[in-house]
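Here are my notes for your next look at the model. I have kept them to numbered points, with the cut-offs given as we go.

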Amino acid sequence: MEFLGIALVICGAALAAGFAGVGSAIGVGIAGQCGAGVMTEDPGKFGLVLLLQALPGTQGIYGLLIAFVAILKVGLLGGGTSVDVGVFQGLGILFACLPTAIVGFISAIAQGKTSAACIQMIAKRPEETGKAVILPAMVETYAVLALLLSIILLNGIQL
Amino acid sequence: MAQSERYGYAVSRLRAMESRFVEAPILQRMLESEDLSGALKVLGETSYAQWMADGGDGRFDQIVEAELRFVLQETHRFVPDVELVDLYRIPYDFHNVKVILKSAFRKASGGSRRWELLTPLGTVDSGDLITAIESEDYRMLPFGLGGVVPDCLALWEQSGDLLEIERRIDGQLFKTLRSLAAKSSHAGIVSWIAARIDAENVRNLGRLKRFNSDIARVTSFLHKGGHIAIDQLLSIYSEPFEFWIRALTFTDLGPTLGMLSSKDSDLEAILVDMERALDDYITSVIHRYRYDPFAPENILRYLWMKEMETKNVRIVLVGKSNGADRNLLRGLLRHV
């Protein structure tokens with residue numbers, strides 16, 4: 001039982017980094033294959049395509065950030081001695097990581113699809129690049145909200 | 001990658017290829033040019049230029065065909081399911097079979113063969129089709145034609161009825177297309193084939209009206225599987241053409257037929273207008289998928305739009321070579 005709390009924290013960190021990372025990988029992959037299609041015909045659009053392809057990658061970064069915050073909180077990083085974590089505290093940290101894990105996973109895939117559609121849009125109308133960036137950025141809002149919630153919850157847990 | 005996103009690369013590439021379509025401004029410039037040479041000079045600024053190096057003014061048909069052939073081959077290379085491109089190319093195989101049969105009939109009555117009418121756009125090499133039909137090895141014919149072609153040859157011997165032969169071959173074509181579309185399990189593709197059947201049925205109805213054919217004969221010329229029921233089409237046959245538009249208003253065909261200049265009493269002019277409206281109808285059915293970035297229907301949409309583009313280019317070039325009126329030509333152009 002003495003390591004259960006720390007195990008739950010590690011589980012939460014792994015879920016945040018893992019799920020958000022997988023979502024980002026799928027999203028970037030979807031946008032990437034569409035980008036490759038457009039660039040086969042028009043290599044000059046590389047800059048615009050790269051920008052749109054990179055957008056779904058942010059959820060993976062958010063997941064990694066939350067994972068770091070969680071494991072830093074219990075002293076697993078930095079070479080110092082780890083803090084004693086109770087089962088309920090560990091459970092709290094695990095749940096605090098979940099918004100970023102779940103919303104990150106789903107929003108990254110949704111953002112990848114939106115980016116893909118916008119890459120197709122700039123293939124035909126390169127003059128609409130500004131609008132093409134805004135549309136997938138709207139999806140980002142919810143990943144940012146989930147990140148904020150995870151940070152607030154993690155800060156609220158007293159060890 | 002999920003099944004639904006498999007078409008992302010292909011659809012995106014086609015979107016980029018769409019930017020090279022010969023659209024209204026280029027067609028307008030071609031229309032306004034003095035003669036055929038002027039129109040070809042404008043066409044030389046487009047993707048057709050690569051086929052114009054060794055083509056003289058009179059060879060524009062080969063230029064147009066080369067462009068379409070290149071697009072079909074290119075698309076075949078990168079689409080996830082090549083069956084979609086083949087589905088699009090099958091009507092060209094049936095066209096080739098018709099040409100070969102008609103050449104055989106001409107030859108039998110002392111005429112010459114018309115191999116120049118064969119197209120290389122089909123899925124089967126036209127040489128193989130010729131070999132299969134001339135050597136009477138019908139098992140080598142694809143798409144169920146092995147059963148239809150001998151029947152057509154027997155029918156020619158008995159009655160010489162070319163219309164009936166065309167009907168049988170078209171019937172087999174639509175049966176094949178329907179079966180392949182159903183196998184693809186994409187609703188848009190099934191719907192597009194149904195729209196093509198509708199268009200063919202209405203086209204046949206118009207042609208038979210011109211010949212004043214009796215209703216029993218008309219029935220056999222309407223193919224199953226369209227959006228519009230055969231009974232509904234038969235019910236309007238005996239009515240004047242103006243009534244057809246009103247009767248078909250509540251079908252998918254309504255909006256495009258409604259744009260016809262129905263005041264024109266000349267049936268020939270109406271039929272020409274109707275040809276354009278039917279092509280626009282087929283375009284409108286597949287156009288519904290243009291905003292879905294992963295829809296396989298976009299493959300057919302691109303190929304169909306490319307065919308409409310080549311049709312427009314051909315209309316302008318033929319018109320220019322004949323000295324046709326610009327406004328008349330403008331009215332014939334399809335929506336791209």
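1. A word on the source. This is a predicted model, in which local features need pLDDT of at least 70 and side-chain atom pairs count only at pLDDT 80 or more, while totals for chains, interfaces and linings use all residues. Residues are numbered from 1 along each chain as its sequence is written, chains are lettered from A and ligands numbered from 1 in the order in which they are written, and side-chain values use heavy atoms, with hydrogens and water left out.

2. Chain A has 5 helices and 0 strands, taken as DSSP runs numbered from the N terminus (helices: H or I, at least four residues; strands: E, at least two). Its C-alpha atoms fill a box of roughly 60 × 25 × 20 Å along the principal axes. Of its 159 residues, 43% count as buried (under 20% relative accessible area; exposed is over 50% and partly exposed lies in between, with a 1.4 Å probe and protein chains only).

3. On to the interface. Chain A brings 15 residues to the contact and chain B 16, where contact means heavy atoms within 4.5 Å. About 1400 Å² is buried between the two chains, 59% of it from carbon and sulfur atoms; buried area is the accessible area (1.4 Å probe) that two parts lose on being put together, summed over both. A:Q33, A:E41 and A:Q120 supply 44% of the area that chain A buries against chain B, more than any other three residues. A salt bridge also joins A:K113 to B:E5, with the closest N and O atoms 3.3 Å apart.

4. Within chain B, look at B:R314 and B:D61, whose salt bridge has its closest N and O atoms 2.8 Å apart. This pair links distant parts of the chain, helix 15 (residues 297–322) and helix 4 (residues 60–78), 253 residues apart. B:R314 is partly exposed at 30% relative accessibility, and B:D61 is partly exposed at 39%.

Definitions and conventions. Salt bridge = Lys/Arg side-chain N within 4 Å of Asp/Glu carboxyl O.
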